[in-house]
Amino acid sequence: MNNPVLPKAYEPAEVEARWYRYWEEHELFRATEKSPAPTFSIVIPPPNVTGDLHMGHALNNTLQDVLCRYKRMTGHNVLWMPGTDHAGIATQNVVERQLGEEGLNRHRLGREKFIARVWEWRRLYGGKIINQLKRLGASCDWSRERFTMDEGLSGAVRQVFVSLYHEGLIYRGHRIINWCPRCMTALANLEVEAEGRASNLYHVRYDLVDGTGSVTVATTRPETMLGDTGMAVHPADERYRHLVGKKVRLPLVNRELPVIADEHVDQDFGTGALKVTPAHDPYDFEIGQRHGLFPLSVMDEQGVMNREAGPYAGLDREACREKIVGDLKEKGFLIKVEDYQHRVGHCYRCKTIIEPMLSKQWFVAVKQLAEASIAAVRNGSTRIIPSVWEKNYFDWLENIEDWCISRQIWWGHRIPAWYCEDCDEVIVAMDEPRRCNQCGSSSLVQDKDVLDTWFSSALWPFSTMGWPDKTLDLEHFYPTSVLVTGFDILFFWVARMMMMGLHFMKEVPFRDVYIHALVRDAEGLKMSKSKGNVIDPLVIMDQYGTDAFRFTLAAFAAQGRDVRLSEDRIEGYRHFVNKLWNASRFTLMNVAGAALDAPLPRPQRLADRWVLSRLQKIIMRVTGALDSYHFNEAAGVCYQFAWHEFCDWYLELIKPVLYGDNEKERTETQQFLVHSLSVLLRLLHPIMPFVTEELWCHLPNTDGSITTAQFPERDPSLEDTQAEEEMAVLMNVTTAIRNIRGEMNIAPAAKVEAIVLGPHRLTELLRDQAHYVNDLAKLSALEFRRDQKRPRMAASAVVGELELFVPLEGLLDFKEETRRLQKEISKLEPELERTKKKLANEEFLTRAPADIVAKQKDKSERLDGKLNKLSTQLKRLEQLVTEE
């Protein structure tokens, strides 16, 4: 694989396609049940089978892939379980739209043919999102790909339903549910999105039946008054206490309604009197249950008023509201109308306003399941990272309501319940029964509803591994190591997986839950088509390459902070990819033909000692960052070292050796160069898999794919604090001289002289390593003065305890240098003043830790000394100008 020829430019499209094909052909992502290696397992949050890769998918799967690639390189047996979700409502809507274009609908087609049509659609288009994940570089074990409707998972879903039913944790009952008149199905509370809406508050007069007066109620939904079966007031409300036990007459309908007292009435809303509509409001339903009020439904499943609405039957809910308000006003029952802002529930899928509706549905009694899930996080069995999300998790589970799991659609897991037409017996079983257990009748009809999509998703960590069978996958890979997910499905999915995993596996489904933030635009706004700020990851990968895109996502994935993404940032990291490519090309050109098989020698030259020591620090920091899910820190550390230390300094420092005649030094430096690049490529591989693989295969003495190479490990014997300190001095001196050259507008090719004043230990270091400074700062000479006499007409810089001078006679505009010094002094003076003010504060001196106070004192002394030197230089420059 070690081809030394590297093209001049990096072409990501060709490289990415070639290497992903290679990885798949060689099964490099495949986990094994029999490996003795430690396991690392993760289940993908299954994308909808209807989906296209969006920014949320891209961030989520990039972070998962970083972890999986990292763990493979650290010797783990990694299972990244892939798959897709059948996405009940979403997929049914897609196929129904397709049928509509053909002039058909699912009812004309029939249930069996419609389901067959959906399966055909899935066969043709269901792999689209999988191919897009591969485009991103996702290193899933595709041999284990699952689908929430495949045979094995369908069996697991049925087993769970039947088990929970017989345990009394699944039941069927009449409850107020969220109903979508467009999708024609029930929705769980979590599937309802509340949006702010400008509306009206209607004040309506209800007359007392005994003629002694009236009561005014306030409502946002006058159309539901047709279903009123009572009026409620708070028992402590002195305004209405005397009315309890009396009756009021329902306007327009003349139905008599009892006035009841209930502590759940909000005395501060509206007038404090509440019309009770048990069939169309969840709170009213509970009040009605406590007081025996009949739930009268006045609306059908399409949001149209039914026959119980009397003269308003046949009107849709909006038209009915308008008609009722007009009639109330005409008959004198409408007292006033106020503007009112409130939150209204919408279907998460089609955005239709949901209708609270009394319906017979299937529910999971979740209180008991929730208690175990709460305990698992409190006792540390599962960690939520960042921990700030624990509060949201606990708040939701501690106030959880029973989960409505039945959906009135056709695509999904059909509920395994059968009803006897002769005796109304309900039979819940794994297999279709032939006869009624109660009466022996064979007239059995299966429930028409399907299960909520999230029901099957809740089983994902163990159903994908073969449960209810006892499989090797479950034995080796469950519980999974970590779940990477967005905060928006913490309740939809994460909490429910916790409940099901603990109940059926008696163990948490994952040890860690890493919650990443949202990807927003550069201004921090949520991406949406309506705003026109959506960035398409597929377009971005085509334009900038996948590695640049992935690196950008990782670099900005700070815990607890949204990712602000822009094309400028992605383009910036494309430059980083090119920088890495060019550095590797330089390396390969300068080691071609060298004998590099010998063990790494002990470094002698300062540059080599320095780079190997710095690498040990980088390895330690990157490893720590990845182990603690600080992806941005891992990316940032790699970027800083690769660009600003390896490329900017090390490659420049070693050029004279590589181009020189000392064969021994050149061979050793070539070894250190290849070793350093090898370490850097392996550190970067989890984040930038494609370009690192391409470069790895060109590197001398590499064997096999970088995906299975060993992740770098820190070698304490190569740590060299002295080398790092000495190199820091050389780098700072070189930078200072370069800055003077730049600020003074000295031609890049011009050689200049530099004079150094300072302590003997530092000047001796510079004297010993002068060749580095001379080469990098383009000096004709580096002079050291023991008499500490400052040269005339020279630009200066202060570097720690050193003073640098570059003679400028014939080179410098002295007035410009004067302005430069004045600017630096004006910058340091307020900083020194702030530091001295802090040190003069007695409260700071007594309360702050001693080391903090000491640091401030040191800072004050340093600033004071530097300002004195700069002021002296300014005075001398002014003298030079005067002399001139």
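Start by selecting Trp403 and Arg496: Arg496 lies over the face of the Trp403 ring, 4.0 Å from the ring centre. A charge sits over a ring here when NZ of Lys or CZ of Arg is within 6 Å of the ring centre and within 35 degrees of the ring normal. Then pick Trp649 and Arg738, where Arg738 lies over the ring face at 5.1 Å from the centre.

A quick word on what you have open. This is a predicted model, in which local features need pLDDT of at least 70 and side-chain atom pairs count only at pLDDT 80 or more, while totals for chains, interfaces and linings use all residues. Residues are numbered from 1 along each chain as its sequence is written, and side-chain values use heavy atoms, with hydrogens and water left out.

**Stop: aromatic pairs**

Rings of Phe, Tyr and Trp (its six-membered ring) pair if their centres lie within 6.5 Å; planes under 30 degrees apart count as stacked, over 60 as edge-to-face and the rest as tilted. The structure holds 35 aromatic pairs. For one of them, select Tyr171 and Phe363: the ring centres are 5.5 Å apart and the planes at 20°, so this pair is stacked. Tyr171 sits in strand S5 (residues 170-180) and Phe363 in strand S14 (residues 355-364), so the pair links distant parts of the chain, 192 residues apart. Helices (H or I, at least four residues) and strands (E, at least two) are DSSP runs, numbered from the N terminus.

Buried means under 20% relative accessible area, exposed over 50%, and partly exposed in between (1.4 Å probe, protein chains only). Tyr171 is partly exposed at 24%, whereas Phe363 is buried at 2%.

Now jump to Phe551 and Tyr573. Their ring centres are 5.1 Å apart and their planes at 50°, so the pair is tilted. Phe551 lies in helix H17 (residues 546-555) and Tyr573 in helix H18 (residues 567-591), so the pair ties together parts 22 residues apart in sequence. Phe551 is buried, with 1% relative accessibility, and Tyr573 is buried as well, at 16%.

**Stop: salt bridges**

A salt bridge is a side-chain nitrogen of Lys or Arg within 4 Å of a carboxyl oxygen of Asp or Glu, and by this rule the count comes to 51. Select Asp141 and Arg144 to see one, at 2.4 Å from N to O. Asp141 is buried, with a relative accessible area of 2%, and Arg144 is buried at 11%.

Next, go to Glu645 and Arg614, whose side chains form a salt bridge at 2.6 Å, N to O. Glu645 belongs to helix H20 (residues 631-658) and Arg614 to helix H19 (residues 606-627), and the pair links distant parts of the chain, 31 residues apart. Both Glu645 and Arg614 are buried.

Then try Glu223 and Arg221, with their closest N and O atoms 3.1 Å apart in a salt bridge. Glu223 and Arg221 are both buried.

Select residues 12-25, helix H1. H1 has 14 residues and reaches 20 Å from its first C-alpha to its last, close to the 20 Å expected at 1.5 Å a residue (the expected span is 1.5 Å times one less than the number of residues). Colour Pro12, Val15, Glu16, Trp19, Tyr20 and Trp23, the buried residues of H1. Look down the axis: they fall within an arc of 120°, so they line one face of H1. The arc is that of the directions from the helix axis to the C-beta atoms. On the other side of H1, Ala13 and Glu25 are exposed. Just after H1, Glu27 takes a positive phi of about 50°.

Now move to helix H8 (residues 282-291), where Asp284, Phe285, Ile287 and Gly288 are buried. These cover an arc of only 165° around the axis, which puts them on the same side of H8. Tyr283 and Gln289 are exposed on the face turned away from that buried side.

**Last stop: Ser860**

Ser860 is found in helix H28 (residues 850-883) and counts as buried at 10% relative accessibility. Show its neighbours: Ser860 touches Leu832, Thr835, Lys836 and Leu839, not counting residues up to four places away in sequence. Contact means heavy atoms within 4.5 Å.
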